[in-house]
Amino acid sequence: MSLFNGAVLFKNERLKMYKKSSTWVLMCIILLLVALMVIFSNLSQYSMKVYQEEWQEQYKRLLADAKNQLGTNPEDPYNNKMSDTLSYLLEHDINPYDWRTDAVDDYFSLKHNIYGQNSYGIRKPGEIIDQDFNDFYLEKPAEADIDPARLQERMDKLWAIITKNDWKSYIGMKIDDLKSDYGQSENKGERDVEIEIYELYLEKNIVPISEVTHYYSGFDQPELMWKSKQIQLIRESKLNLLQGEDQSGAMYTRTQLKNFENDIKIAQERLSTNSPPVTSDSFLGMLEQSDSSLGLITILMVVYSANLFASEYGSGTIKMLLITPHKRNKIFRAKLGLLLEMSLISMGIVFIISFIINAAFTGFKGIGAMQILYVFGNMIRLPYLLYIFVRYLILMLPVIAYSSLALVLSVITRKSAVSITVTLLLLFTSDLFVMLMTLPNGGTAVPGAKFLIFANTSLQYYLPSAQSAYGGMYYFTVDETMTLGFSVTVLLVHIICFLWTAHDDFCRRDVK
Amino acid sequence: MQDVLVLENVYKSFGKRTIIDNVSLTVKEGELFGFLGPNGAGKTTTIKMILGLLSIDSGRISILGNDIENDFEAAMQNISGIVENPDMYQYLSGYDNLRIHARACGAPKERIDEVAHMVGMQMRIKDKFKSYSLGMKQRLGVAQALLHNPKIMILDEPTNGLDPAGIKEVRELLRYLAHTQGMAVFVSSHILQEMQQMCDTVCIINNGKILRVGTVDELTKNSNAGLYRYKLRPMENALSFIQQNIPDKIVAVTDEYIDLHLNEDEIDTINRRLMDNNLVIYGLNAVEISLEQSYMEITGGGNVIV
């Protein structure tokens, strides 16, 4: 029979921890670093915006270059096209995201007999740039464009579209081109996807954004254009699903294919419910990125965990602790409870610090945004702020895993220094470990490597973020078959093993 | 009187070395029990086993009938102790240190001031533990051990490092606890004098074995055998007579006297034979054996009595 429950032991652990000045000194240092990290990322975001060249400036610079080169070679079709296009865009104040950029580009390409663009530059009709890449890059001029009358008709049509700012006709023209085999797209399936996507613009009444990227290299992600970004995301995912392999020829895994399908459904949901995704430079986007500072919390928690038992042995107070009428397992649980409380408190403080600093830089604009994601095959909607909080909680799992490692080492060695050194060494070299395990086999992991703790601590790669909402964010793991569920399981198994070993050792071993 | 602490055939070994070898002892209510032995005899190991810090290889330890291995929490309700040094949290005040222990032992908050007063620490109780002198730390340790009114208190070398005044204070406090409060107090020490002055019962341990248990009187009087100092005349005849007849009884010989080791019932026979041989006994007295001599004898460190 026990007269007392474990609550008093927990209270004692709290008193001991919170009245120790080193607890707060260390926490203040770490939190100061967290604050500096968040401020720094805001400043770099801010400076990127400030020092970013305005599109007009960049257009003027490109235009001057083109005109300069026309001075020596007035017949060059590429520079003529550049010159005409940029002059027109500047004159009519058409920004780089405006779909008319594409139409103007098309128009002047036709006017100067340029039919396509590839990574080697602009190509004239029939010109062969690289024999090996013929099949990929050689676009024959469309039959229609060779016939001067039909070419003129097409140019007139484009010109009308541009001057009337009639995007629907432009989309219509694109669809007609695809249906009539204009542009020689080889793959029927891909062509169907493209047609479907263009029809989606019309159906949803969404103005497309420019796909031409070679005039302007800005970082802006204007919120107004999120709808067409979502349609582009749908297009990319559909093409990926169709191709079934990435650009290097590697087959997509089942998880990746599932993700593409989910991305499509989420983008459709966003469009139909009019819920824009969070942009990475907004308040929520910055708050989300600040979760990288939880890495610093790992250091804090490792030191706390290592000292939790070792300090009792070091100061001799372990004897006083153990000769109270409580079994050792209760004492162990009380200490573990304190550790959990400390990790939640430090996580909470990091969240609050990020919240305040990011709000100071960006304001609260867009704080009510919704997150849409797939959980166990079900689509769920939740406020993005709540999602970020859940994200922080999930990202505490690796922190707890490293703390448990520090804990078990300190219980076994009864010294904190050894445990802190070993754990932090493993923490800082974990990326190296993952690299070493994947490199020798040419990118394929050594069998079993994915079950190691190091290979599973970067959970943020699995979680959808403001950046991934716009597509193009694919994570790097030891093995493509790994999923969030897998990594969480591996971490939990590690945590349980560490804590069980520590518990067993603490409860059984003699205190000499 | 009730048996508070009972050890029955306790063994403990570290690796191949047997540290505690078949130790059995009983401590009664209100008894000041001295646990005496040279350094490395196994005193601290025994104490750590009683307090549950070390596991027991075989045998049984119980406190008020509660086995400390099977019924740890109930056993620990009635015991407290200080092992080696009174180690507490240096960065906490004396009060906070007591509060932690009081909470863990289920002692009410008012009891903290009570025990602080009892050991005379009430003035400095809010100061940090690290600012205390060794004597104050010892007293606070005792205060902590008193918090939950245990039936038995185990103290490992409580006077270690204290000045004579401090030792006297501790001694008086322990006497008060045992004799007035009826608490059993188990004190270990390697200092004889202290034990002789303080304890009711003394247990002598060496190399992990209990050599002798008894009251201070029993151990010093040595009950049936004693040392007797004879002053005889003429001395030369007396010495030759004794050397011829009872050489095994001789302990020491000087010009003045001869010390003999005799049982009480042997004295009369010896006296008669001495007188029959015309030897005059003009002095005979029993020599008090100090605990020190007894201790040296028992632990094999002395040669007073073979």
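**From a helix to a cavity**

In this predicted model, helix α1 of chain A has twelve residues and reaches 16 Å from its first C-alpha to its last, close to the 16 Å expected at 1.5 Å a residue. Several residues of α1(A) are buried, among them A:V8, A:L9, A:N12 and A:E13, and the list also includes A:L15, A:K16, A:M17 and A:Y18. The cover over these buried residues includes α2 (21-51), α14 (294-315), α15 and α16 of chain A, together with α3 of chain B.

Rolling a probe the size of a water molecule over the atoms shows where empty space is left. Here the count comes to four cavities of 30 Å³ or more, and the largest cavity has a volume of about 160 Å³. Of the 18 residues that line the largest cavity, the closest to its centre are A:M320, A:L321, B:Y89, B:I100 and B:H101. The elements that give two or more residues to this lining are α1 (7-18), α15 (318-322) and α16 (328-362) of chain A, together with α3 (94-105) of chain B. By class, the lining of the largest cavity has nine nonpolar, six polar and three charged residues.

A last stop is A:R391, whose place is in helix α17 (residues 384-413) of chain A. Is A:R391 buried or exposed? A:R391 counts as buried because its relative accessible area is 5%, where buried means under 20%. Leaving aside its neighbours within four places in sequence, A:R391 is in contact with A:E288, A:D291, A:Q460, A:L463, A:P464 and A:S465.

Definitions and conventions:
Residues numbered from 1 in each chain as written. Chains lettered and ligands numbered in written order. Predicted model: local features only at pLDDT ≥ 70, side-chain atom pairs only at ≥ 80, totals over all residues. Heavy atoms only, no water. 1 Å grid on protein atoms, 1.4 Å probe; cavity = no way out; pocket = protein on both sides within 12 Å on 5 of 7 lines; lining within 4 Å. Points joined across faces, edges and corners; volume = space filled by probe spheres on them. Helix = DSSP H or I, 4+ residues; strand = E, 2+ residues; numbered from the N terminus. Nonpolar A, V, L, I, M, F, W, Y, C, P; charged D, E, K, R; others polar. Expected span 1.5 Å × (residues − 1). Buried < 20%, exposed > 50% of the residue type's maximum accessible area, 1.4 Å probe, protein only. Contact = heavy atoms within 4.5 Å.
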